[in-house]
Amino acid sequence: MFFMVFNRATDCPTPSLDEILSPLPRPFRSALLSMYNVESQLGSDGERHSIDRGTRISPEHGMWMYRLCREAKPKTTLEIGLAYGFSMVYFLAAIRENGLGHHTAVDPFQSHYHGIGWRQSRSLDASDCFRFIEEKSVSVLVHFADRGEMFEVIFIDGNHRFDDVLVDFTLSAELCPMGGCIILDDMWMPSIRMAVAFIRSNRKDFEELKTPVSNIAVFRRIGEDAREWHHYVEFFDIDKWRTIRRFTPTFLRRGAKAIVRFVRA
């Protein structure tokens with residue numbers, strides 16, 4: 001029997017998970033369908049383990065990254081945070097279809113996920129194009145810089161504290177070639193939005209790209225970091241500001257502007 005789900009706002013059929021993932025090669029699509037359906041997964045200990053429904057990227061997000069890699073055909077890609085391996089599967093699928101590329105994943109807490117992400121790479125027969133490093137991102141990214149390694153697409157989805165995200169971006173920027181992209185996940189979190197706000201205001205060597213995926217921010221490197229040693233630009237969460245502005249009465253907004261003009265005068 002065929003069921004079709006409709007979006008109430010547009011009366012357009014919502015594609016099923018299988019339809020969204022249909023462009024992927026079969027083994028990669030099958031692996032993702034199994035994980036999205038919250039089936040138990042094989043760990044590095046050879047046993048099957050249940051997985052957390054909330055620890056994943058959305059199919060729309062994954063397919064966007066897959067298409068980015070299919071179009072850009074990067075030779076090297078990097079992700080910070082492996083977990084169950086959802087994002088890794090999309091990267092490896094693009095590498096398989098492109099016929100070139102090498103992917104690196106960094107995650108010091110893979111044992112917390114029973115080694116499921118690492119084991120997934122083995123089940124997809126990707127050992128020749130995949131490298132896993134079970135260390136903290138700070139030390140690994142510094143080592144990459146010392147060795148002159150570069151990555152054309154970098155996905156940051158590790159520790160979600162504001163300062164850790166900003167450090168991951170700062171170190172990743174040293175590894176990103178001109179025209180390369182850095183993707184930050186989980187824009188629903190205030191810590192991520194504030195880190196993105198800092199990048200928008202202070203890193204003019206990167207331009208933000210618009211995407212159809214609301215939960216990510218994407219920055220493309222367009223120049224050298226030419227800031228002076230004392231450079232600093234104030235930053236704030238623009239999404240939160242828009243919400244505050246929307247629900248603030250007009251007379252209060254006008255009064256605040258008048259006070260600012262008076263103080264500046």
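This section describes the fold, the aromatic pairs, the pockets and some loop residues of a predicted model.

The chain contains 10 helices and 11 strands. Of its 265 residues, 43% are buried. Among contacts with a separation of 6 or more, 73% join residues 24 or more positions apart. The accessible surface of the chain is about 15200 Å². Carbon and sulfur atoms account for 55% of this surface.

Helix H2 spans residues 26-36 and is mostly covered. Of its 11 residues, 8 are buried.

Val-38 follows H2 and is located in the loop between H2 and E3. Its phi is positive, about 60 degrees, although Val-38 is not a glycine. Val-38 has a relative accessibility of 26% and so counts as partly exposed. A second residue of this kind is Asp-125. Asp-125 is not a glycine, yet has a positive phi of about 55 degrees. Its place is the loop between H5 and strand E7 (130-133). Asp-125 counts as exposed because its relative accessibility is 58%, over the 50% cut-off.

The structure holds 8 aromatic pairs. Tyr-84 and Tyr-113 form one of them, with an edge-to-face geometry. The ring centres are 5.1 Å apart, and the planes make an angle of 80 degrees. Tyr-84 sits in the loop between strand E5 (76-80) and H4, and Tyr-113 in the loop between strand E6 (102-106) and H5. The pair therefore ties together parts that are 29 residues apart in sequence. Both Tyr-84 and Tyr-113 are buried.

Phe-162 and Phe-235 make a stacked pair, because their planes lie at 10 degrees with ring centres 6.4 Å apart. Phe-162 belongs to helix H7 (residues 162-173). Phe-235 lies in the loop between strand E11 (216-221) and helix H9 (238-246). This pair therefore links parts that are 73 residues apart in sequence. Phe-162 is partly exposed, at 30% relative accessible area. Phe-235 has 18% relative accessibility and so counts as buried, the cut-off being under 20%. Phe-162 and Phe-235 also belong to one aromatic cluster with Phe-198 and Tyr-232.

The largest pocket holds about 680 Å³ of space. It is lined by 34 residues. Closest to its centre are Gly-81, Asp-157, Gly-158, Asn-159 and His-160. E5, H4, helix H6 (137-147) and H7 each contribute at least two lining residues. H7 gives the most, with 3 residues. By class, the lining has 14 nonpolar, 10 polar and 10 charged residues.

The second largest pocket has a volume of about 210 Å³. Its lining includes Met-187, Arg-200, Glu-208, Leu-209, Lys-210 and Thr-211. Val-213, Ser-214, Ile-216, Ala-217 and Val-218 line this pocket too. Strand E10 (206-209) and E11 are the elements that give two or more residues to the lining. E11 supplies the largest share, 3 residues. The lining divides into 6 nonpolar, 2 polar and 3 charged residues.

The loop between E11 and H9 also contains Ala-226. Ala-226 has 69% relative accessibility and so counts as exposed. Ala-226 and Asp-205 are 21 residues apart in sequence. In space, their C-alpha atoms are 7.8 Å apart.

Technical notes. Residues numbered from 1 in each chain as written. Predicted model: local features only at pLDDT ≥ 70, side-chain atom pairs only at ≥ 80, totals over all residues. Heavy atoms only, no water. Helix = DSSP H or I, 4+ residues; strand = E, 2+ residues; numbered from the N terminus. Buried < 20%, exposed > 50% of the residue type's maximum accessible area, 1.4 Å probe, protein only. Contact = heavy atoms within 4.5 Å. Areas by Shrake-Rupley, 256 points an atom, 1.4 Å probe, with all protein chains shown as cover. Phe/Tyr/Trp six-rings, centres within 6.5 Å; stacked < 30°, edge-to-face > 60°. 1 Å grid on protein atoms, 1.4 Å probe; cavity = no way out; pocket = protein on both sides within 12 Å on 5 of 7 lines; lining within 4 Å. Points joined across faces, edges and corners; volume = space filled by probe spheres on them. Nonpolar A, V, L, I, M, F, W, Y, C, P; charged D, E, K, R; others polar.
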